[in-house]
Each structure stands twice: as structure tokens, then as C-alpha cells.
Amino acid sequence: MTLQVENLTIYYQTLRGDVHALESTSFKIEDHEIMGLAGESGCGKTTLGTSLVLLKPPMKFVGGRVNLDNEELPIQDMDKMNSFRFKKISIIPQYAMNAMNPTRKVGKMTAELVRSRNVHFKDILPVLKERLELVKLPESVLDMYPIEMSGGMKQRMVMVISTLLNPSLLIADEITSALDVASQKAVVEMLVEFRNRDCCNSAIVITHDISILYQMADSILIMYAGQLAEKASTDVIIHSPRHPYTKMLIATLPEVGVRYTEKQLTGIPGNPPLLLNPPIGCRFRERCPLAFEKCVEVPPFIEIEKNHFGACWKEFVTNA
Amino acid sequence: MLKLNGISKIYHTGTFGGKELHAVNDVSFDIGEKEIVALIGESGSGKSTIGKMILRLVSVSSGSIEFNGVDVSKYKGAALKEYYRNVQGVFQDPFSSYNPIFKADRIFSFIKEEFFPDVSTSDWNKKLNNSLEVVGLNPEHVLNKFPHQLSGGQLQRFLIARALLLDLKILVADEIISMLDASTRIDVLNLLADLRGRGLSILFITHDLSLAHYISERAVILYGGCTMEMGDAEKIFNKPLHPYTQMLMSSVPRLDRRWDKKVNVDLKAAQTGPIHGCAYYDRCPLAFVKCKERPANVEIEKGHFVACWKVSEKNT
Amino acid sequence: MNNPKKTNEFLYFALKNKKVLLGLSIILLFLILGFIGPQVNHNKPMDYVDPLGAQGPSAQYWFGTTFFGQDVFSQFVHGLQATFLVGLIGGGIGTLVGMLVGFVAGYRGGMVDEILNALTNIVLVIPTFAVLLIIAAYLHVRSVVTESLFIGFTAWPWAARAIRAQTFSLRTRDFVDLSRMSGMKSLKIIVTDIAPNMMSYLVMTFILQFGGAILIAATLDFIGLGPTNTISLGLMMQYSVLWGALQLGTWWWFIPPGLAITIIVGGLYGMNVGLDEVFNPKLREL
């Protein structure tokens with residue numbers, strides 16, 4: 001299997017103490033699987049994504065183990081990770097569009113990047129041209145400055161650069177949030193096309209927009225306040241979720257076709273907990289309608305049926 | 001109540017301001033009493049600019065904005081202040097709407113100083129608490145705090161409460177929930193619908209079609225600074241007539257069906273510069289020669305206007 | 001957490017920052033010296049106290065005597081007073097005028113901005129030495145205050161530019177729009193919303209202007225355009241070179257003032273760098 005994460009725990013160091021951003025998370029991703037990572041802001045999804053590639057202060061590695069293609073990924077060691085970045089694991093960070101050096105032509109920037117991975121630009125050029133064609137970008141884009149490109153074009157360019165060396169795992173962090181509807185659709189479809197053509201093996205797509213995941217992800221992992229809530233195939237999560245948080249989350253999404261006058265949707269009362277001194281046990285219990293005494297213990301993330309995992313005492317352990 | 005008559009916003013770019021950029025190009029629509037009108041467009045369509053023009057934060061290059069029959073587009077000073085009693089706005093980023101070094105309540109004290117200087121403190125506090133309760137906040141929990149101590153949803157509601165302290169008739173809500181979590185979005189959205197029930201009109205600016213459909217009666221579809229289609233929200237969503245609206249509806253990610261893989265989306269870079277024809281000409285599959293002339297807004301059925309030569313041709 | 005805690009957070013970091021502490025200590029040291037020095041040493045700076053002249057440091061005259069037999073230490077501590085005065089008045093005026101021009105130009109924009117920009121650029125390119133020479137020819141007596149005024153009114157363009165740029169970026173923030181929708185007048189918005197947000201910037205600008213004024217004053221004094229009715233560190237350096245200190249080897253006459261100016265201005269700039277780290281959390285190391 002491609003990715004195996006065991007008990008990964010990451011804290012943020014701040015003046016006021018450690019923020020428990022990610023607590024003992026374990027899950028796995030198979031070959032060719034596109035997994036969506038969804039949750040509200042502050043749930044830890046970006047922390048999870050970035051920690052796999054670039055774990056630097058103020059993030060602190062507290063414990064856990066990550067295996068990529070049966071090889072251990074030394075995420076806590078910045079230098080050792082260098083040989084893995086871009087080649088085995090790659091990331092398209094949030095705001096990637098704005099991450100391109102404004103004073104460099106895109107082609108030059110790509111050349112410098114691949115050179116840092118000990119690959120000659122000339123060798124990679126045919127692959128680069130192939131990929132540009134795949135994302136419907138003209139070859140002339142290599143001679144452009146980022147400011148001359150539209151948002152959608154920049155996003156696609158960043159996608160091409162990140163997958164140039166065929167990484168095993170691609171982490172895409174909110175790649176569609178700043179795009180208009182048409183570009184969103186194009187970018188999402190291209191990501192799936194990349195996976196289909198083996199430009200990358202598996203992918204983690206981090207977003208808060210679950211309807212986008214419905215269009216492209218094979219499975220979805222729902223997170224809440226640094227803990228994993230539920231992981232299952234997309235259809236199961238959307239149509240028959242088991243975890244109370246997932247159920248309430250899906251219920252707050254207005255689909256096109258529903259109106260206020262017909263069916264008033266309700267939100268989830270309360271707020272996510274502050275992670276400076278997180279509540280013990282399941283972090284959703286303050287807002288959960290099913291909470292009972294056992295919830296002060298952290299529920300384990302277990303497999304209830306094939307490829308359907310969840311962490312809830314009521315729904316996943318006491319099966320009745 | 002509020003009527004926009006052919007308003008435009010032209011920015012001068014290039015050296016010595018030679019080139020012109022039409023952010024908003026001859027837009028007209030109106031907002032009646034007790035209704036929520038959704039202004040829908042992607043980024044760069046000019047919808048935020050229209051919102052800011054209505055709020056008089058950006059000047060109007062041409063055209064007029066009539067509020068209860070009076071043109072407010074050139075108002076300044078005391079007249080403008082009176083206008084602000086009736087028309088207020090809430091913006092997209094809750095955290096940037098507050099001065100980070102001061103407490104969040106400061107926005108209320110500004111209102112008191114400028115609009116209610118003679119009201120006694122106890123009366124003011126009663127009014128304030130009332131306003132907070134209407135938006136669903138507990139005064140004890142949210143007063144006397146700094147912006148970073150409150151959540152995005154609470155901050156947005158604070159801003160709505162501030163607007164309600166005045167004699168509000170129209171609220172311009174510019175993407176107010178796009179930065180909120182899924183679980184708080186619905187609450188703020190329901191609040192807006194609630195306020196409409198109490199007599200308020202709302203201009204709901206958004207790029208999210210499902211949200212617009214959830215809450216609004218009428219919708220205006222904007223592209224490249226021009227209106228494409230406007231009318232009853234239900235009609236536009238279920239039977240879009242303009243090719244742009246149709247493309248929009250098919251590209252929106254939905255939870256009840258997957259995308260139609262056969263529909264191919266063209267991705268040319270956005271148009272800039274003066275627009276003399278239809279704004280959607282470059283990307284429209286139905287474009288023909290007549291489209292080089294700006295299409296007129298034709299009433300296809302009662303209350304449903306479409307600006308497209310092909311569509312009006314088919315229907316006459 | 002409320003406002004006092006936030007200022008406490010700044011103070012905590014400020015006092016923990018080595019550069020700030022060092023700079024602050026230096027300034028305080030010289031300030032104290034400038035105040036109590038004249039109390040301790042009762043010689044007037046221009047009095048000819050030593051019949052011998054050009055004597056090195058001794059128990060009686062801690063910094064030795066000048067060519068004419070004046071007490072160098074006395075000159076030094078009085079000169080320090082003049083130096084700080086120039087920094088305060090010159091730097092203060094520079095900052096205030098810069099703030100006025102910068103805020104108004106940045107907030108109003110448009111034609112007002114164009115006019116103020118032109119004004120800023122004109123003052124910037126005025127050849128200050130040439131103008132000062134002309135002024136010096138007309139004024140027979142120049143005081144420290146006159147010098148400070150001149151420095152203040154020619155050094156403000158730098159501050160104005162920086163403040164205008166910051167104001168431009170702050171002006172587009174949503175909270176300024178919110179204040180506009182509350183019916184507040186422009187001046188009130190500048191004073192209550194924009195300036196407090198730039199407090200750190202303004203403090204640092206003042207420190208730079210302060211140090212800059214001291215340097216300019218020292219330069220002017222050295223070439224003979226300094227105050228005519230009192231002593232300053234720059235003047236000490238001028239006299240010493242004029243009266244052969246370099247040839248005669250009377251190092252105690254020019255080294256103390258030169259070193260003092262260097263250390264004071266260096267301390268100020270170092271404090272500025274440190275304050276940048278204090279105010280900008282991203283530069284802080286945890």
C-alpha cells in the first residue's frame with residue numbers, strides 16, 4: 001500500500017503552550033487512491049498534509065510513524081526528507097498560485113527546481129511538454145511571468161511542476177478554493193487525469209468543499225479538531241455516513257435545488273474546541289447529540305466494514 | 001426601493017492612465033422591499049464593485065443609483081451620513097473588518113458617537129443587547145472581547161448587529177459566509193432569511209449558486225461587468241436560458257449528481273479592456289456575428305430578462 | 001486578554017531582545033552622563049581653566065584639556081546635551097511633518113496625493129548644504145534650536161514617504177471601509193484607526209529620525225555650520241582638527257566626541273533592528 005500513517009502526533013509550539021493540532025492519527029491510503037481530506041477550519045487537515053512534506057517550526061513532531069511504499073518517511077528530519085520531496089512525495093500548497101516567484105519566468109523557475117533534484121532540464125523537457133498539453137496550457141507559457149497568467153493557468157502550472165517527477169503521493173491543499181467555477185472543474189478533472197496516467201500514484205486532496213470531493217475522490221477522510229472522525233468511500237460518506245459529526249456536516253450543505261422556504265437547514269450548534277488545552281477523550285462530545293459517559297475516553301479509529309473506518313463509541317464500537 | 005440605472009465603473013490603467021478597464025459596464029437592476037436579491041458572478045465579474053458603489057465606498061463613473069427615488073451616487077458629507085442610516089454593508093473577511101488592536105465592541109461605540117450621541121448609556125446598552133439577541137448572540141459571551149477571541153461566525157453576526165442598530169432598509173452582504181465554516185454558514189444564512197422576514201432587503205453577493213438559490217427570491221447573473229440574466233431565482237436555476245448561466249449550472253459541483261464529463265469547459269484567460277460587444281463572446285458556444293454588438297436586456301417571460309441575441313431570437 | 005496584556009506582550013519581548021536592551025542601555029548611559037556630568041564638573045565648557053593647555057587625561061581633567069586649556073570633559077558633557085536636543089527637536093519635527101504629509105497623502109490619494117508628492121520630492125532634492133551656507137551667511141548667530149529646525153524641515157521627506165506607503169496599504173483594509181460607513185470624517189479615521197495601527201512603525205521612524213538628526217548635526221558642525229553660541233560634539237571635533245589635534249596628537253580632544261556619536265547612533269539603529277523583531281512576530285525566534 002502506498003501510505004501508512006501510524007499514531008502521527010504533531011503540536012504547534014506557541015508562547016502560551018503547545019497546540020494539539022494532530023493527535024494520534026492513523027490511517028492508510030492504497031495505490032491509485034484519491035483520498036479527500038475534509039473538515040472545518042482548525043481541524044488539522046492542512047497540518048496533516050504539510051507535516052508529511054515540510055515539518056518545520058512552529059510545528060513539532062511529537063510521535064508516530066509514516067511509511068510510504070513500505071519505506072519509512074523521515075518527516076522529522078528536514079535534511080533526510082530532501083531526497084524524498086518532489087520525487088516520492090510532492091505538495092501543491094495552499095495559495096500555490098501566489099507562490100511563484102514574480103520576477104522569474106515560469107520555465108526558468110521549473111528548470112531551477114528540477115536542477116535542485118539533480119535532474120537536467122533538457123532531460124525532463126519532453127515530459128514537461130507532454131504534461132502541459134495534458135492540462136491544455138500552451139508551450140509558450142514557459143516564457144511567461146506569473147503575472148501574465150490567469151488564476152486557473154497558474155494553478156495548472158503549479159500542478160504540472162509538482163507532479164513532474166512522478167511522485168508516489170501528491171498532496172493538494174485547497175487547490176480549488178480561489179478559482180472560479182469553470183477553472184475549478186478543469187483543475188479537478190486534470191487531477192484525476194494525472195492519477196489515471198500515473199503522473200502520480202495516489203493523492204490526498206485537502207479541502208473544506210465536500211461537493212468537489214464528491215466529483216473526484218475515491219474516499220473521504222473527515223477530521224474534527226485534530227482527530228479523525230470517519231473514513232470511507234465517497235458514496236458511503238455522502239449518502240450513508242455513520243459518525244455523528246459527519247452526519248451533521250453533510251446535513252448543513254445546501255444542495256442546488258433546496259430552498260429556505262422548503263426545508264430549513266440547521267447548522268451544528270457550538271464551536272470547535274480550542275486546541276491549546278483540548279478536552280480529553282473525543283473532542284466532538286460537547287456538540288454531539290449522542291455523547292455519553294464513555295466519550296471521555298478517546299474512541300479508537302476502527303474498521304467497521306471493509307474500508308469504512310470511524311472513531312465513535314456509539315456508532316462504531318457498540319454496534320447495535 | 002433601490003434602483004441602479006446603467007451604472008459603470010471605469011478604471012484607468014497603463015502609463016498616464018491611457019487604457020480603460022470596465023469593471024462594471026452599464027448595469028441596471030433594482031431591489032424592492034422585503035426581498036433578497038442574489039448578485040451572482042465569479043471573481044472579476046464586478047459584483048463586489050457594484051456592492052461597493054451601492055455603499056458609496058467607490059465612486060460611480062456613470063449612471064445613477066436611486067434610493068427611494070433620489071440619486072445618491074454623488075452624495076457626500078451629511079447627506080451621505082443620512083444614507084448610511086438606511087444602507088449598510090458586511091464584507092467577506094470577518095477578521096479584516098476589525099481593527100486588530102482594539103476590542104470588537106468599538107464598532108458599536110462608533111455608531112453611537114456618530115448617529116446616537118444623545119442617547120443615554122443605559123438606553124444604548126438595552127438597544128445593543130436587543131440587537132445582539134436578534135442575531136443570535138449572547139451579550140455576556142461576546143461583549144468586551146478582542147476580535148481574535150471571537151470566531152468568524154460571531155464576528156459576522158456582530159457586524160450584522162451593528163447594522164441593525166441603525167434604521168436599516170438595505171443590507172449589502174458581500175460574500176459574507178464564504179470564509180466561514182460549513183457548520184456556521186447555515187446559521188448566518190438562516191439569520192439573513194429571518195431578517196428579511198422582519199422587513200429588511202438584502203443584496204446577497206456571492207459566487208455560490210446553491211447558497212443563492214437557498215435564500216433569494218430574485219437573482220442577477222453577472223459576467224465581465226455586464227448582466228447576463230436576471231429574474232426569479234427559481235426560474236433561473238431550474239431553466240437557465242443564457243449560455244453563461246447554463247455553463248455555470250453545469251460546472252457547479254453538486255452533491256446529488258456527478259459532472260457531465262462530456263461538457264468541455266473552455267479556459268481562455270479573462271477578457272480585459274473596453275467591451276463593445278457581449279462580454280461572454282470569447283467563450284460562448286453560440287456566439288455569432290451579431291454578438292459584437294452589446295445584447296439588449298430582453299424580457300423573455302414575466303420578470304425574466306436575458307441579454308443574449310440568440311435567446312431573444314429564439315423567443316420572438 | 002485585554003489591551004494591557006498586549007502591551008505587556010510587547011514589553012516582554014522588547015526587554016528580552018538583546019539589541020533593544022543594548023541600545024536602550026547605551027542611550028540611557030549617555031543621557032545620564034549628559035545630565036549629571038555638568039552637575040559633577042563645574043567648569044564651564046569654554047572657560048580657559050588650565051594655563052598649560054593640550055594636556056592629556058589626568059586626575060584633575062578626566063578627558064584632558066584642549067589646545068587652549070579648556071576642560072574637554074566639561075565640553076563633552078555639555079556637548080551631549082546639545083546632541084540630544086538636536087536629536088529630539090530635529091528628529092521630532094522631521095517625524096511630525098512626515099506624519100502630517102504622509103497620512104494626508106496616503107489617505108486622500110488623488111490630486112492631494114499628487115501635490116504632496118511633488119512637495120516631498122522637491123524638498124528631497126534641495127541641496128541642503130548650499131541652502132545652509134546661504135542661511136549661515138545671513139544669520140550671524142545660530143543656536144542649537146535653529147540647527148534642529150533646519151534639520152527637521154529638510155529631513156521629513158523620508159518619513160513622509162514611508163508613512164504614505166503604509167497608509168496606502170492600510171486604507172484599503174475593510175475596517176477603514178467600516179469606519180467610513182459609520183459616517184466618520186477622514187481626519188478622525190486617520191487618527192483613530194490608521195495611526196494606532198502603525199504605532200510600531202511610527203516609533204521606529206522617530207528613532208531613525210532621531211539618529212539621523214544627530215548625524216547630520218555632527219556633519220554640519222564639523223564643516224563649520226554648527227551653532228555659534230554653544231558647544232556640541234561635532235563642534236569639538238571641528239575645533240580639534242582645526243587646531244592641529246591630528247598633528248599634535250591630542251587624541252583626547254576628538255576621540256571622545258567621535259566615539260560618543262558613533263556609539264549613540266549605532267545604539268539607536270541597533271535598537272531599531274531589535275524593535276522590528278519585537279513588533280513583527282514572524283521575525284521572533286521562539
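## Exercises on a predicted three-chain model

Strand 3 of chain A pairs with strand 9 (residues 219-224) of chain A, in the parallel sense and over four bridges. Helices (H or I, at least four residues) and strands (E, at least two) are DSSP runs numbered from the N terminus, and two strands pair if DSSP finds at least two bridges between them. Before you dig in, note that this is a predicted model: local features need pLDDT of at least 70, side-chain atom pairs count only at pLDDT 80 or more, and totals for chains, interfaces and linings use all residues. Residues are numbered from 1 along each chain as its sequence is written, while chains are lettered from A and ligands numbered from 1 in the order in which they are written.

**Exercise 1. Work out how strand 3 of chain A sits among its neighbours.**

Step 1: find the other partner. Strand 8 (residues 202-207) of chain A runs parallel to strand 3 and is joined to it by five bridges.

Step 2: pick out facing residues. Gly36(A) is opposite Val205(A) of strand 8, and Ala38(A) is opposite Ile222(A) of strand 9.

Step 3: check the faces. In a regular strand the side chains alternate between the two faces of the sheet. Here Ile34(A), Gly36(A) and Ala38(A) point one way, with Met35(A) and Leu37(A) pointing the other way.

Step 4: check burial. A residue is buried if 20 or more other C-beta atoms lie within 10 Å of its own, exposed if 12 or fewer, and partly exposed in between, with C-beta atoms placed from the backbone. Five of the five residues in strand 3 (34-38) come out buried.

**Exercise 2. Describe the build of chain C, then say what helix 7 of chain C packs against.**

Step 1: Chain C has twelve helices and zero strands, and its C-alpha trace spans about 75 × 50 × 30 Å along the principal axes. Of its 286 residues, 42% count as buried.

Step 2: zoom in on helix 7 (residues 174-181). Six of its eight residues are buried, namely Asp174(C), Phe175(C), Val176(C), Leu178(C), Ser179(C) and Met181(C).

Step 3: list the packing partners. From chain B come helix 2 (77-86), strand 6 (87-90) and helix 3 (106-115); from chain C itself, helix 6 (144-171) and helix 8 (186-197).

Step 4: see what follows the helix. Gly183(C) comes after it, with a positive phi near 80 degrees.

**Exercise 3. Which element of chain C gives the most to the side that touches chain B?**

Step 1: count the contact. Two residues are in contact if their C-beta atoms, placed from the backbone, lie within 7 Å. By that rule, 15 residues of chain C touch 20 residues of chain B.

Step 2: name the contributors. Helix 7 and helix 8 of chain C each supply at least two residues, and helix 7 gives the most, with seven.

Step 3: sort by class. The chain C side has six nonpolar, four polar and five charged residues; Ala, Val, Leu, Ile, Met, Phe, Trp, Tyr, Cys and Pro count as nonpolar, Asp, Glu, Lys and Arg as charged, and the others, Gly among them, as polar.

**Exercise 4. Where in chain B does the pLDDT fall below 50?**

Step 1: get the overall picture. pLDDT is the predictor's confidence in each residue, from 0 to 100; chain B averages 83, and 93% of its residues score at least 70.

Step 2: compare elements. Helix 11 (residues 309-314) of chain B has the lowest mean, 80, and strand 7 (residues 170-174) of chain B the highest, 93.

Step 3: locate the stretch. Residues 269-274 of chain B are below 50, and beyond near neighbours in sequence they have ten contacts in the model.
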